[in-house]
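This report walks through selected strands, a hairpin and ring contacts. The sequence and structure come first.

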Amino acid sequence: MACHTIPRVKTVLTPDTSSSGSILYVVSERKGRWSKPHPLVSVPVPIPSVQFNPKFGILAFTATVYNGNATLEGTTSIDRQEQEQADTARVYDNLWVRHWDTSISPKLPQIHTLKLVSTSDNSFKPKGQPRNIMKGTEADGRLEALGSFVVSPNGLQIAFVAKEPGKDYAWKTASFICLADVDGSAAAPINPGNGGASSNPSFNHDGTKIAHLQTTVPTYWADRNQIKIYYIAEKTTTNAASDWDRSPGQVKWDDDSTLLVTYNEYGRNKLSKIDIATRNVTPIVATHVVSPFKRFTGTDKLLINYSALDAPKDL
């Protein structure tokens, strides 16, 4: 479920997903009264991850489609043909055959966007059809993690993590932070020369900068995550707290001069803030385990997942 607040109106978007597809429902609240759930978008394939920018009406979601076809309707058509085949033989043209207990298929998780417009009853309705923003672009590869994408606050772009396919895909750690326009007109990596893994993209509050995590040593899975800041207009990247010897697992913006990070230290997963200018690291929660966390935009409040050996997870 994704919950987003806009002035004087609260809107909840929640997908109902099955193997045959997904229906995205919307529920709106105004002056203390909630509307009944009603279907907003019907998609013929499962959509496991959803992001929504209510200010600009940008809905983004991941859907697994066939490589080379990359359309929602085309995927269901090919699925029907696959089910009618009498054999189950497969031919693999690279060594990426299986990921843990799941065999690799020609399907690729890719990001789709859809414009939503406000209605007279303070809800939303779709405008146009979903668009695959990765199809036919430089980033038209396998999405590294289904949840690793975010819509910019200004509603113009989407940042996501992608891993380039190839013969060495199975043991290669290199992945990239890609930046795409929500209309699909451009998609390209912001760190194309990186040999290590990239993760956790996060826009600042006006959508002009991206903070993300990155390792630098190729094929070294235990490499330390470093914090990078990418300036979108200038197309330049700087390091944040490069001399800090911890490996953060999550990074988000607090304000334009401060980052919030989680990291492991002596058996505890701490939450700290980093001053970008001075590189000072100040713990906020230094006991037990904090992961993940979310900052509420426009407030000084954080929602954290907090757990300990002698207590269950709590919010």
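## Basis

Strands, labelled E, are DSSP runs of at least two residues, numbered from the N terminus. The model is predicted.

## The four-stranded sheet

Four strands make an open sheet, ordered E17-E18-E19-E20. Their pairing is antiparallel. E17 (198–203) and E20 lie at the edges, and each pairs on one side only. Direction ignored, neighbouring strands in this sheet are turned by 25° against each other on average.

Inside this order, E18 pairs with E19 (residues 226–231). The two are antiparallel and share 6 bridges. Lysine 209 faces tyrosine 231, which belongs to E19.

## Histidine 212

Strand E18 spans residues 209–214 and holds histidine 212. Is this histidine buried or exposed? Its relative accessible area is 1%. The cut-off for buried is under 20%, so histidine 212 counts as buried.

Which residues does histidine 212 touch, beyond neighbours within four places in sequence? The contacts are Ile177, Ile190, Asn191, Ser199, Asn200, Pro201, Gln226, Ile227, Lys228 and Val251. Among them, Ser199, Asn200 and Pro201 fall within the range of E17 (198–203). Gln226, Ile227 and Lys228 fall within E19 (residues 226–231).

E23 (residues 268–275) and E24 (residues 281–285) run antiparallel. They are joined by 4 bridges. Isoleucine 274 stands opposite valine 281 of E24.

The two strands form a hairpin, with 5 residues between them. Arginine 279 sits in the turn. Its phi is positive, at about 65°.

## Aromatic rings

A pair of aromatic rings is described by two values: the distance of the centres and the angle of the planes. How many aromatic pairs are there? The count is 1. Tryptophan 244 and tyrosine 263 form this pair, with centres 4.8 Å apart and planes at 80°. The cut-off for edge-to-face is over 60 degrees, so the pair is edge-to-face.

The pair links distant parts of the chain, with its members 19 residues apart. Tryptophan 244 lies in the loop between E20 (236–240) and E21 (248–255). Tyrosine 263 lies in E22 (residues 258–265). Both tryptophan 244 and tyrosine 263 are buried.

## A charge over a ring

The charged end of arginine 246 is placed over the ring of tyrosine 266. The distance to the ring centre is 5.4 Å.

Conventions
Residues numbered from 1 in each chain as written. Predicted model: local features only at pLDDT ≥ 70, side-chain atom pairs only at ≥ 80, totals over all residues. Heavy atoms only, no water. Buried < 20%, exposed > 50% of the residue type's maximum accessible area, 1.4 Å probe, protein only. Contact = heavy atoms within 4.5 Å. Pairing = 2+ DSSP bridges. Phe/Tyr/Trp six-rings, centres within 6.5 Å; stacked < 30°, edge-to-face > 60°. Lys NZ or Arg CZ within 6 Å of the ring centre and 35° of its normal. Axes fitted to C-alpha atoms, helices over the stretch in contact; angles between N-to-C directions.
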